[in-house]
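Morning, everyone. Please have a look at the model first.

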Amino acid sequence: MSVQTEGTDTAGGPAVREGRAPAPPRGADRASRSPAGRPAAAPYLLLLPALLATLVLLGWPLVKNGMLSFQNLNPRQLIQHLTEWNGFHNYQQVLTGPDFWKVVERSVLFTAANVVLIMLFGTLIGLLLARLGKKMRLTLLVGLVLAWAMPVIAATTVYQWLFAQRFGVVNWVLDKLGWHSMADYNWMGSQFSTFSVIVLLIVWQSIPFVAINLYAATTTIPKELYEAASLDGAGAWQSFTFVTLPFLRPFLYSTTFLEVIWVFKAFPQVFAMNEGGPDRLTETLPIYAYVEGVGNQHFGVGAAISFLTILVLLVITSYYLRMVLKQEEDEL
Amino acid sequence: MKRSLFGRIWPNATAVVLFVGFVFPVYWMFATAFKPTGDIITENPVWFPTHFTFGHFDKAVHADHFWTLVANSVTVTLCSVLLSLVIALFAAFALARMRFKGRRGFIVTFMLAQMAPWEVMIIAIYMIVRDSDMLDSLVPLTVFYAMMVLPLTVLTLRGYIAAVPKELEESAMVDGCTRLQAFRKVIFPLLAPGLMATSLFGFITAWNEFPLVLILNKDIEKQTLPLWLSQFQTAFGDDWGATMAASSLFALPILILFIFLQRKAVSGLTDGAVKG
Amino acid sequence: MKRKLASAIVIAGMMVSVAACGGNSGNDSKDAGPESWKGQTLTVWTMDGSAPPQWSKDVQAAFEKKTGAKLKFETQKWDGIQQKITTALSEDNPPDVLEVGNTQTPAYAATGGLADLGDLKRSIGADWTASVSKSSVYEGKQYAAPWYFANRVVIYNKKIWAQAGIKSTPKTRDEFLKDLDTIGKKTDAEPIYLPGQNWYFLDGLIVGQGGDLVKKQGDKYVSNLADPKVAAAMEIYKKYAAYSKAPKDKDEANPQQAAVFAKGKTGAFIGMGWEAATAVQANKSIEKDLGYFTIPGATADKPEGVFLGGSNLAVAQNSKKQSLAKEFLKIALSDQYEGELAKLSGVIPNKESLESNLKGNAAAEAAAPGAAVGGTTPLIPEWAAVENTPNPIKSYMTAVLNGKAPAAAAKDVEGQINQRLAQQN
């Protein structure tokens with residue numbers, strides 16, 4: 001096999017962008033990047049508003065949150081504006097408590113399950129879109145966009161109705177399909193069934209983003225590559241693994257990264273569905289932090305958990321972040 | 001290459017099944033909202049409403065201060081999207097078109113910022129806003145929502161700007177435009193679809209946000225629609241007609257916006273967002 | 001370029017100032033007594049369902065006439081109320097007066113967020129019923145004023161009971177269960193709507209069994225959920241719940257049980273007298289079928305134990321309108337309006353002398369025998385944390401209703417309860 005793939009998987013996936021407009025070859029682009037006469041301060045000034053906003057609106061709460069995590073902060077302290085430092089006590093309490101590591105494990109598994117399903121089906125549906133005729137494709141696109149656009153809270157409510165124990169349409173269908181024990185099934189009654197509904201909801205809402213973008217990305221793959229591949233005698237599977245996949249790889253990486261973040265942070269879907277129940281068995285890290293901190297009015301402990309949550313997310317995404325750091329180095 | 005009959009049929013068949021799967025929850029929401037209660041609470045679902053009623057909608061919009069909440073939601077959403085777009089545009093331009101020290105660090109900063117779990121920081125945010133004496137106001141909501149979407153907006157717009165051929169800009173400058181004019185007259189029009197696509201993410205985020213407004217704004221006149229929806233759901237949890245009517249009302253603006261911007265969103269997000 | 005940059009900087013600056021400074025618009029004027037009242041607005045938080053509209057209107061008119069100030073009632077939802085009150089009490093401009101549940105009052109008193117109402121007690125509280133005033137006293141000081149009290153009754157649909165051929169209301173628990181059985185067999189109605197987590201009903205049953213939810217161990221309170229008396233109460237609950245198709249993992253507010261009842265397909269539910277008004281609001285035609293009776297006990301001579309729920313009115317420590325707030329309390333708690341509230345809602349007023357107002361109110365008459373044998377949750381500041389969502393006792397209830405042995409279910413959640421009881425304030 002000697003299918004040419006170079007020039008398609010340049011750093012970080014700008015390949016996809018080239019599908020647009022009469023883009024010049026990258027070499028020319030790079031050569032023309034002359035910094036002549038540009039004041040050195042300009043980029044910093046342009047970045048200033050965004051950086052200031054980040055610093056004030058994100059950095060400040062983060063620091064504040066960090067400070068709270070070292071305080072004994074309960075209703076009394078909050079109401080009287082007292083600051084009672086208690087060192088690492090909150091962290092100690094959380095890390096040695098019976099729940100935290102269980103919740104971490106659950107959150108990681110939850111994220112993994114969702115992201116695998118989203119990426120797998122998102123990719124398959126994206127590839128399917130590429131194979132469909134024009135009319136059928138438009139129809140499916142409309143369906144995907146509708147699911148994508150549903151506001152999370154409304155979507156969660158709708159899923160509660162679909163899976164309602166009494167008169168819910170899902171139980172009715174399962175019953176009619178011969179699964180009679182499901183006629184009055186309480187989906188919110190166990191950990192597994194509650195998670196099933198939540199995962200279905202999240203996957204349903206997230207697939208469109210992946211599928212639509214993946215489809216659009218495939219449209220930018222130069223036809224010549226496939227021609228060359230089939231000249232070389234490649235079958236459908238081979239041209240997929242040697243042309244399509246390498247071309248889409250950067251896209252898949254970055255999308256997976258986004259989905260990991262979005263799923264891990266998913267709050268309203270999990271919380272509104274069953275408030276982390278039954279018996280707190282569907283609490284993921286963000287829910288756990290919220291329930292302990294805000295619900296249980298143990299604000300210092302909640303802050304400590306949220307800080308640990310950020311750390312866990314950083315660890316999970318560190319691989320991708322390292323990759324980006326490297327790529328950006330290459331790109332300019 | 002000729003495809004077999006089976007090869008031609010299965011993609012379409014799968015597409016139909018998928019279409020139904022994706023659309024059904026949305027359809028069921030609207031269908032339930034329009035059905036009289038007798039058709040909702042039945043042993044056998046009524047798949048297609050035959051009798052229509054606006055009773056559920058009537059119940060939904062007659063909640064206290066409904067229109068105030070609508071106005072608040074629209075104001076906050078529009079302002080925060082606009083604010084984040086403007087700020088992001090500057091940053092994205094620098095990141096896409098300029099070479100300078102620390103560029104990589106800035107990009108990673110925005111990537112990290114994108115990960116912020118806002119819901120778990122609300123007590124910290126609450127204390128900051130409280131101590132700044134800004135509770136019960138739409139301003140903190142607006143700026144925090146803008147911040148929630150800012151990182152992704154920057155990263156996405158950066159992709160769009162990079163996709164605009166540099167030559168266009170340069171030839172404009174050769175023709176005597178200043179850099180700013182070149183930006184306004186050449187890049188900006190090409191960016192418009194990208195801006196619209198990017199704004200969708202902001203619209204959804206701001207329109208949906210719930211935990212922050214719950215804790216910041218106790219005054220009902222300064223609250224937003226997600227609170228109404230959730231309270232409505234608590235009060236009428238069993239009344240699926242009313243709940244679905246409320247959900248429909250809540251979802252409608254975003255659905256319309258998406259359908260309206262869909263073409264642009266699709267082509268746009270490909271160009272931009274993929275470069276997370 | 002320059003112009004754009006300048007505007008960018010302006011925007012950034014704006015955001016900083018907006019977030020950081022925001023100006024100090026707090027009302028810092030000192031409370032100067034009656035002369036300063038005119039033009040002020042007093043904010044009062046009441047809970048959803050507590051204050052009948054007529055009462056609010058009358059009190060508002062009287063208050064505004066007497067003080068020249070404005071009065072704003074804001075109705076609060078029960079969902080997330082603890083967090084709402086906690087944050088509100090920490091603010092510079094909190095609601096001036098708030099309704100606080102009797103079981104929550106000790107906890108809020110302990111936070112220092114409530115003002116000392118000792119002088120109010122001296123001027124108008126001499127004859128407050130001692131038993132109901134107890135919850136508003138913390139470490140010897142009066143932190144709230146008792147407002148009203150209520151306990152649960154059985155609210156039933158007369159039409160359905162007649163359809164089942166039942167002539168009179170039950171006098172014992174066994175009769176009640178038998179009636180429910182009859183309704184289930186003879187009508188297509190659900191005999192009783194009792195969701196699995198109506199935990200205040202369980203608390204009443206525990207009171208009836210003479211049980212206690214906490215016990216003292218050394219100088220600390222720990223869970224007593226595994227007590228056989230609690231298990232016995234839970235078994236009674238289970239017998240009732242067997243006649244209901246209500247979800248086992250929901251409480252009576254999700255969905256509102258009165259709204260379910262209002263559909264006319266439910267024989268009865270266990271609720272507060274005023275919930276009947278909620279039902280009527282949802283369905284006007286249910287009004288003529290409404291009936292009430294005392295929750296029957298094991299024998300005819302002693303009704304079932306009930307949770308004596310109630311609400312106090314407290315003044316926020318941070319309120320800058322202390323004298324105006326107290327003036328409001330004097331009006332709202334005066335014999336005239338306290339009596340009106342009792343009459344309108346059928347709740348027990350804060351003075352025994354006002355109980356005559358309950359005459360002729362069917363709900364209140366049904367509630368009265370229960371109140372005599374009622375009790376509360378433990379009146380200790382540590383208790384409030386136990387009821388925070390997710391309430392472990394509710395998990396216990398669902399577990400037992402799903403077939404778990406009470407002792408085993410109690411064991412599952414006791415760790416959680418003890419942790420909350422030990423929570424520092």
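How many residues of chain A are in contact with chain C, and how many of chain C with chain A? The answer is 31 residues of chain A and 29 residues of chain C. Contact here means that the C-beta atoms of two residues, placed from the backbone, lie within 7 Å.

A word on ground rules. This is a predicted model, where local features need pLDDT of at least 70, side-chain atom pairs count only at pLDDT 80 or more, and totals for chains, interfaces and linings use all residues. Residues are numbered from 1 along each chain as its sequence is written, while chains are lettered from A and ligands numbered from 1 in the order in which they are written.

Back to chain A against chain C. On the chain A side, α3 (42-68), α4 (75-80) and α14 (285-295) each supply at least two residues. The top contributor is α3(A), with seven residues. Helices are DSSP runs of H or I with at least four residues, strands are E runs of at least two, and both are numbered from the N terminus. By class, that side of chain A holds 14 nonpolar, 13 polar and four charged residues. Nonpolar covers Ala, Val, Leu, Ile, Met, Phe, Trp, Tyr, Cys and Pro; charged is Asp, Glu, Lys and Arg; the others, Gly among them, are polar.

Next, chain A against chain B. Here 84 residues of chain B are in contact with 90 residues of chain A. On the chain B side, helix α12 (residues 240-272) has the largest share, 16 residues. The classes on that side are 61 nonpolar, 14 polar and nine charged.

An unreviewed UniProt entry puts "transmembrane region" at several stretches of chain A, including 40-63 and 192-216. Those positions are in the numbering used here, feature names are shortened, and annotations may be inferred rather than shown by experiment. In the model, residues 40-63 of chain A are 92% helix and 0% strand, with the end C-alpha atoms 31 Å apart. Residues 192-216 of chain A are 100% helix, 0% strand, and there the end C-alpha atoms are 35 Å apart.

Chain B has two domains, domain 1 (1-53) and domain 2 (65-275). The bounds come from an automatic or database domain assignment. Their centres, over C-alpha atoms, are separated by 32 Å. Seven residues of domain 1 of chain B are in contact with six of domain 2 of chain B. On the domain 1 side, α1(B) gives the largest share, four residues.

Last, chain C. It has 18 helices and 13 strands. Its radius of gyration, over C-alpha atoms, is 24 Å, close to the 22 Å from the globule rule for 425 residues, so chain C is as compact as a globular protein of that length. That rule is 2.2 Å times the number of residues to the power 0.38.

Now the sheet. Six strands of chain C form an open, mixed sheet, in the order β2-β1-β3-β12-β6-β13. Pairing takes at least two DSSP bridges between two strands. At the edges sit β2 (70-76) and β13 (348-349) of chain C, each pairing on one side only. Inside chain C, β6 (145-150) and β12 (309-315) run antiparallel, joined by five bridges.
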